[in-house]
Amino acid sequence: MKYDIFFAGVGGQGILTIGEVLAEVAAYKDTPAKFYPSKGMAQRGGFVKAQLRLGRENVGPNIPQRGADMVIAMEQSESLKAIPFIKSGSDFVLYGDIWAPTAVSLGKAPYPALDQIKEQVALAGAHLVYINPANLPQFNGEPVHPNLFVLGVIIGQTKLRDLIHSEDVEHIIQSRFKRNVEANLYAYRSGTTVVC
Amino acid sequence: MKKLITGNEAIAHGALRAGVKAVTGYPGTPSTGCITSLLAMDLKDTHVEWSVNEKVALEVATGVAWSGHRALCTMKMSGLNVAYDTLISVAYSGCEGGLVIYVADDPGANAGMCEQDSRYFALMADMPMLEPDSVAEAYQMIRFAFDLSEKIKGPVFIRLVTAIADSFAEVEVEPPAPVSQAAPLLIMDIQKYTKAGSIIATNQHRELIKRLEQAGQVIDQSGINKTTFSKKVGGLGIIAAGIASAYLAEGFEAAAPFGFNWEETSTLIIKATNPFAASEVRQMLAHCQTILVLEELEPLIEKGVYLEAQRSGYNGRIIGKLDGVFSRIGEYGVQQVVQGIATGLKLSIPDDLFKGNTQALNLAAARPITVCAGCPHRGTFIAIEKAIKKLGLKKSEVMVTGDIGCTILGMNPPFNLVWSEISMGASLGLAQGYVRAGVKTPVIATIGDSTFFHAGIPGLINAVQHQVDLTLVIMDNRWTAMTGMQANPGTPCANTLNSFREVDIARIIPSLGIDHFWTIDPFKIKASVEVISQAMQLPGVKVVLARQECAIQAQRQTGIIGKIRVVEENCNLCKLCLMITGCSAFSLGSSSIKIDPELCYGCGVCVETCNREALIEEAI
């Protein structure tokens, strides 16, 4: 099964880690995976994107516009940069975190409202899976890492679960994050059961 | 063993598989990951270093190769410009051991700078150039590059683009080959290793041209440029070079529902850009009715196709950039393959097959790149701004030239301070030019530590020699930071894997005969403003060394240095702190400013911006 995922967010959210985990799961299950993270000149807080192409050995790194079977976005405004890439009928997963640029905080520049994002996702013919950051669970009184929670939602709720199995994701999380395995697994599992 | 690795890591593992003796380079996105991964391996028999610049890196690698051993030199396209002065002479002389130059280009300028097509350097230097189209192929081809270099006794280029250098794929990685322990050769041969006189130089030029011809024969025998012909003569012939060929299969699949039949199509996949694959191109011209050329950036292969078409009296159509179908700007993807096929075969494929909803992009908030929370450069930018104001000047009246690296972020809000970004070290020469043009207000040059070592020192010496009135601010954060924290000559105790001695900028400056020299702590704004404003008023060359370690790196090693507390009752949400610092640790609360403890490094720069004592530093 061919499956292309486009990621958008800002540096520091751990969105690239979602892609790396999925690429590792694919490799572990002998599914061809090409993962192209792109940080540009971003420092912490700058725009980052990534592209994951699963299921094809002979394929270039860039997903064309209207080619992504799923978008995973973790910042409300930056999610707009993924809209041209979503395929009609596909899942557009948005963790609605807001990292306001300074000009926005100072009231000097506009910031897109959630309704505007919804409208654009609908125009692209995609299905919005919205994750409210307020619903981020806590583990031992501390909020969990949102990226693993989002990964859980994706495996729990999107078509990707036909290609990537939850137990394999758990296996990679366990081997990749040797410290705080419990908290990370909790973050991931909470995502798989949440209803968006 | 199968491993998920990047193109850069594939070059590194491939070079180890080829038994490389030394790897040198200078950091530059997208090439950095190759040496970073090698340094992490703690290699016993292979010397790996971040050199002071690309020219020196190439010279070190060349010395190794002239002694009969294998050497790899890595750089981004801008670095090749720096190294080229040495490279053209080395190409003339040739080499003994294999010498491979890995250059990474950046179509689409994902990492800034330029869309330079380094394939033209291969043409200028008459050097073979190989272009793998995938991560796995990069791993294989680097070994071929070493073999080729030793067969022709000349240096060989291997070129990747960002989309391969930085992307991950699974590669079957074999263990490293043993590194040769043979005694180094000491060959004294002025006919080969000097350029003294026309006879020597023209003889070397003759040898160079022969080497490239010989490389062409080796490449032909290797079959790395692949032709596939349709059964029936005629039809479409696709010539794809480098990464463009990685999108063919996807393009064929996408075009199939619109009447495209790959069996009626011929292809030539070019992996060796130089020497030009003339015989394969002639076969394509003889077989095909229409030729489609797919290559990113410049129409280099395409021009060669036109030349062969002229020679062979070809009267079919050639589709590419020269007829205006494709752009010289940006990356290629499946859409160019499909568009080319549609044009060549006159298929009606909808234009919007790969055109998404781009109006959404206009709604996204602008997110100019800026310095990180805790970055020492923030303090330096603010201090320069305040010094300008203190002297009764406006920012629009004071030229502040910029350089390469994180120090350029002063160009963006909230600072809007730095005016220019040209090349490594250019801040110094440019500043002198403005003074020579008669600018009467103080002129300031800003540069980072790694950039200063790389190419800033000659510019500073020129300013001293010619006694130019300028203030140089060296923003020394002790690391080559923007490319991801590589060690440079000034990094304290940076490299535990190799012998390493720190070179102290504070000792270089006085030795150049600079009378006015201060070291400041950029986290202390008031004191820094005093020094910078004083420097701006003095004649001659003045140097201010703003020294404080990169917050990201320092935090990794020793944690935060302080904690800033908001005194909520004193805060009236005037946002002055946010306006001046633009620090990402701030957000707006309902009645006061908020600080994200996860982001705050405790630099304390914001404390000095507040006039209501609403921000206070607390010990940790």
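Visitor: What makes domain 1 of chain B and domain 3 of chain B count as being in contact?

Guide: In this predicted model, 13 residues of domain 1 of chain B are in contact with 14 residues of domain 3 of chain B. Residues are in contact if their C-beta atoms, placed from the backbone, lie within 7 Å, so these residues meet that cut-off. Among the contributors on the side of domain 1 of chain B, S3 and helix H4 (77-93) of chain B each supply at least two residues.

Visitor: How many residues of each class does that side of domain 1 of chain B have?

Guide: The side of domain 1 of chain B that touches domain 3 of chain B has six nonpolar, five polar and two charged residues.

Visitor: How do you know that strand S2 (residues 22-25) of chain B and S3(B) pair?

Guide: Pairing requires at least two bridges between two strands; S2(B) and S3(B) share four bridges, in the parallel sense, and therefore they pair. Within S3(B), B:Val48 stands opposite B:Val23.

Visitor: Why are strand S3 (47-50) and strand S12 (272-274) of chain B called edge strands?

Guide: The open sheet of seven strands in chain B has the order S3-S2-S4-S5-S7-S6-S12, with mixed pairing. Strands S3 and S12 of chain B each pair on one side only, and that is what the name edge strand expresses.

Visitor: Which element supplies the largest share of the side of chain A that touches chain B?

Guide: The contact takes 48 residues from chain A and 45 residues from chain B. On the side of chain A, S2(A) supplies the largest share, six residues. By class, that side divides into 27 nonpolar, 15 polar and six charged residues.

Methods: Residues are numbered from 1 along each chain as its sequence is written. Chains are lettered from A and ligands numbered from 1 in the order in which they are written. This is a predicted model: local features need pLDDT of at least 70, side-chain atom pairs count only at pLDDT 80 or more; totals for chains, interfaces and linings use all residues. Two residues are in contact if their C-beta atoms, placed from the backbone, lie within 7 Å. Ala, Val, Leu, Ile, Met, Phe, Trp, Tyr, Cys and Pro count as nonpolar, Asp, Glu, Lys and Arg as charged, and the others, Gly among them, as polar.
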